[in-house]
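Okay everyone, thanks for coming. Let me put the model up, and then I'll walk you through how its pieces sit against each other.

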Amino acid sequence: MTNAETFHHVHDTRKLYRHLLDSMARPGKINDISVLLHKVPETCPCSTGTYVLAQTLLDQQVSFYYYSQEINADDAEHAIEWTTGSRHTASHAADYLFIDTPPEIDEIDSIMQSVRIGTLTEPEKSATIALHVRKLSGADDLALPMVLRGPGINGWHILSADGMNSEWLRLRSERNREYPTGCDFILFDDDGRIAALPRTTRIERRDF
Amino acid sequence: MQAHLKQTYNYAFLDEGSKKEIRRTTLKAIAIPGYQVPFASREMPIGRGWGTGGLQLTLSLIGDQDCLKVIDQGNDDSVNAVSIKKLVQSCTKAEVTTDSERATIIQTRHRIPEVPIRSDQILVFQVPLPEPLRMVEAKERKTKQLHAEMDYSGIWLRLYEDIVKWGKISIGADYPALAHKRYIFAPSPIPRYDLPKLNHADGLFLFGAGREKKIYAIPPYTEIEPLAFDDYPFEVEHFEGCSCRLCGSSDTFLDELFDEKTGQKFYQCSDTGNCRKRQEKRHTP
């Protein structure tokens, strides 16, 4: 008995991956995954974005860290473990970090200071942070406007976000100081917009 | 009565766990242009060294909406390209084509199509030897260290020795290049003619080495600089005075063919899909 409308672990993970691939290859480019988010079961204890990303990226070979200030954060953690086979660990050990509600500044600080950035010999042993923001836009009309430059971008690209603390960017540039080590970001909102900031992207704050 | 057992494979042949691992690796590879990310590399129904790396990338990407083109040295009709297309068709509903402009995914061995790759297309390379430093250092652990320290003196010395010995750099295909001013990478044995197409391109380039278990990538709009000296600049192959005997083109990459009986030399487009389109254009006024 399969419900055609539920998130399909073969076809929908592939579709999400293609969007994610496009966003990662073209930093700041917003892809629309709203169709996929509508397929997430209503009983899902985490955000729909976290759910689809976890289903696409996680399995028993990798670990994740889940952060949420919601009361049912533990349920979400377990639900991700049960459905993907991945295990929950501390932020300094995780391969993927899902930040589902905006943390306080000191919390951002402790996550970013401890997040894995790989080594010069093995820069791929670094973490990817999936950040749930309130809203993403391809114009500079939201609270945190960013001008992006680097591989994947023809000249420059504008991305702006609501509900994303600028502390993330400051600590990101601090941790990504020595390329190729660093961590990669995936940003998503509830309306199905998704964008990525790989470590090669240089970000200028627009309002500086 | 004998029951007919029908073996059914997962969609796109690979199991979901393998696809996830390849996808995670590919995303990492894009974040570090030119760096070879290790991956598990599954057993495939074709032998290692026959395009398993490219095939695994293709299978991790492909869906029913996709249109696939597979080329082998520019040729759509070689045995290997046809077998790979058949395998993909047997486990997906994806369309196949020989027209590079219609394809959404192009898997290639040793050529980049003549028509530039668009931003909605992905070019997947089959890579035999992903390590450009292998010709100067045999040990994997050492080459990893050399990449980490960006110690590329060995390969520069090799190029210099070439000039001393031959008066020019003797590497033809698989010419090493520097990605994003950081990693020297092997572009797979594409001719030098194709290498500049990787620089600041619109499309995404993924490289899969199945036998060597490495995936790497060149994202769009990334600086790709072929290794060269100021006084010995990088040169591509040129075909002055030659043209394709089928379509008449003189601005494409040509293969030199030789007739044993008459001893005659003639030239023909290496990109057969593009050549066919040009021929059709020529015949319809």
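This is a predicted model: local features need pLDDT of at least 70, side-chain atom pairs count only at pLDDT 80 or more; totals for chains, interfaces and linings use all residues.

Residues are numbered from 1 along each chain as its sequence is written, with chains lettered from A and ligands numbered from 1 in the order in which they are written.

Back to the helices. On the terms: helices are DSSP runs of H or I with at least four residues, strands are runs of E with at least two, and both are numbered from the N terminus. Axes are lines fitted to C-alpha atoms, for helices over the stretch in contact, with angles from 0 to 180 degrees between N-to-C directions. Under 35 degrees counts as roughly parallel, over 145 as roughly antiparallel, 65 to 115 as roughly perpendicular, and the rest as oblique.

Who makes the contact? On H1(A), Tyr17(A), Leu20(A), Leu21(A), Met24(A) and Ala25(A); on H1(B), Arg23(B), Thr26(B), Leu27(B), Ile30(B) and Ala31(B). Contact here means C-beta atoms, placed from the backbone, within 7 Å. By class, that contact has eight nonpolar residues, one polar and one charged. The classes go like this: Ala, Val, Leu, Ile, Met, Phe, Trp, Tyr, Cys and Pro are nonpolar, Asp, Glu, Lys and Arg are charged, and the others, Gly among them, are polar.

Zooming out, 29 residues of chain A are in contact with 28 residues of chain B. On the chain A side, the largest share, nine residues, comes from H1(A). That side divides into 14 nonpolar, seven polar and eight charged residues.

H1(A) has another neighbour inside its own chain. Its axis comes within 9 Å of the axis of H3(A), residues 48-57, and they cross at roughly 100 degrees, which means H1(A) is roughly perpendicular to H3(A). Thr13(A), Leu16(A) and Tyr17(A) meet Val52(A), Gln55(A) and Thr56(A) there.

Now chain B. Its secondary structure comes to six helices and 12 strands, and chain A has six helices and 11 strands. Chain B is divided into domain 1 (16-226) and domain 2 (238-285), with bounds from an automatic or database domain assignment. The domain centres, taken over C-alpha atoms, are 26 Å apart. Between them, 14 residues of domain 1 are in contact with eight of domain 2, and the domain 1 side has four nonpolar, five polar and five charged residues.

Two backbone details to finish. The peptide bond from Tyr179(A) to Pro180(A) is cis, with omega near 10 degrees, and Pro180(A) is in the loop between helix H6 (166-175) and strand S9 (184-188) of chain A. And Phe13(B), in the segment before H1 of chain B, has a positive phi near 65 degrees without being a glycine.

Methods: Two residues are in contact if their C-beta atoms, placed from the backbone, lie within 7 Å.
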